[in-house]
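Please examine the protein chain shown below. The paragraphs that follow consider its pockets and then its domains.

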Amino acid sequence: MRLREKIAKLAEFNEESVFNRVEDGNKNLGIICSGISYQYAKETKPDAGFLKLGMTYPLPLLKIKSFAGMYKRCIVIEEGDPYLYKSIRAAGVNVEGKHDIFRLGELNLKRVNKILAGDNTPEKILPAGKAPQLCPGCPHKSVYEVLKKLDCTVPGDIGCYSLGTLPPYEAMDTLLCMGAGISAGLGLRHILPEEKAMKVVSVIGDSTFMHSGITGLVDMVYNRPPTGHVVVVLDNSTTAMTGLQEHPGSGRDIRHNPAHKVIIEDVARAVGVENVDVIDMLKSPGDIEKAIVKRLSEKKTSVIIARRPCILALKQMNKKAQEVQEGKS
Ligand code: SF4
C-alpha cells in the first residue's frame, strides 16, 4: 500500500516535472518520444510538436492527454517494445504507434520516416556480419583446439572464452550465466550415461572462477558425480572481457595496488579436489592435451589450470603495476 501511495505521488510530481519537455510545433503533427527516439524524430520532422519524456514511469498521463489533444495527429515514436504507446492507449488517449516490424532493431532516420508515413513494407535483411572471434594469439585457443579434437561436451561460462561457442571452434555447448559452467557440467556428469559423462569438461575463466566458480567446485566434491568431473580454468590473469579489471586472483586491488592474491590451485586443493594440474600455456602448450586426456580417463575430481596472461592485456597490466610502484597512479 505504501508503495502504491509513493507511485501515486511520483505520478503527481511527474505531471509538473522539468524532465518532460513540450516543444510547440505545427498543429498537424505531435510526436511523443523519449531518449534517442527524440533525436531521430526531431531530425526527421523538425516542424512537428514534441513531448519529450524524460521520466517515463509513472507516466505524466494528464500532460500527455493535454498534448495529444492539441494536435490533429499524434504519434508515439519509441524503440523496442511499445511501452509508451500501450500505456498511453490504455489510459484512453488517442495516439498512433508503430507497426510490429519496427519493434526489433534500433531506429534510424529512414525507419522513423517509414513509421510516420505508415509505410509497413518489409525491410531489407542485411547480410550477417563476421562472427566475433578470440584474438590472434589468444592463450585460450589451444584449449579449445584440444576440446574439439577430443569431441568433449563443454559447459562454458562468461568471459572472452565464451567466444569458444562460435566458429571456428564451436567447442562450447552451453553458456548460461557466471558459474553455470561448473554446475551445468556436474548436472551432465550426473545424468548422462557413463561413456558420455566421461567426456564432459567444464571451462571457466579465472575472474569468473573468483566471482562464482568456487561454489560449483565445492558442489563438485560434495555432490561428487560417480564419474568425477574435469574443470579447466582458463587463467588469463585478468578480467579481459570487461576491460582488464583486477580480481581477487590477480594480486592487485581495483586501483592496481598490491593486494592479497587468492591462488586458484590452493583453493581447489583446499576444498578437496583430487587432482590439480597447472599448465604454463607459454612454456609447455602441448601439456594441456596430455592433462585433459589423462584426467578424462580417471573417475576423479580434477581441476586443470591453463595459465597464460592475455596477450593484449599483458603490456597494460605491467605498465599499471609499474606506475603503482613508482607512485604515479
Ligand atoms: S582479450 Fe585476451 S583473453 Fe580475450 S580473446 Fe583477446 S587475447 Fe584472448
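A pocket is an open set of points on a 1 Å grid over the protein atoms alone, where a 1.4 Å probe fits, with protein on both sides within 12 Å along at least five of seven lines; its lining residues have an atom within 4 Å of a point. Grid points are joined across faces, edges and corners, and a volume is the space filled by probe spheres set on the points. The model is predicted: local features need pLDDT of at least 70, side-chain atom pairs count only at pLDDT 80 or more, and totals for chains, interfaces and linings use all residues. Residues are numbered from 1 along each chain as its sequence is written, and side-chain values use heavy atoms, with hydrogens and water left out.

The largest pocket holds about 300 Å³ of space. Asn108, Lys110, Arg111, Lys114, Pro122, Glu123, Lys124 and Leu126 form its lining. This lining comprises 5 charged, 2 nonpolar and 1 polar residues, where Asp, Glu, Lys and Arg count as charged, Ala, Val, Leu, Ile, Met, Phe, Trp, Tyr, Cys and Pro as nonpolar, and the others, Gly among them, as polar.

The second largest pocket has a volume of about 240 Å³. Of its 18 lining residues, Asp235, Ser237, Gly249, Ser250 and Lys261 lie nearest the centre. By class, the lining has 7 nonpolar, 5 polar and 6 charged residues. Helix H12 gives the most to this lining, with 4 residues; helices are DSSP runs (H or I, at least four residues) numbered from the N terminus.

The domain assignment, which is automatic or from a database, gives domain 1 (2-117) and domain 2 (141-325). Their C-alpha centres lie 48 Å apart.

Note on methods:
Helix = DSSP H or I, 4+ residues; strand = E, 2+ residues; numbered from the N terminus.
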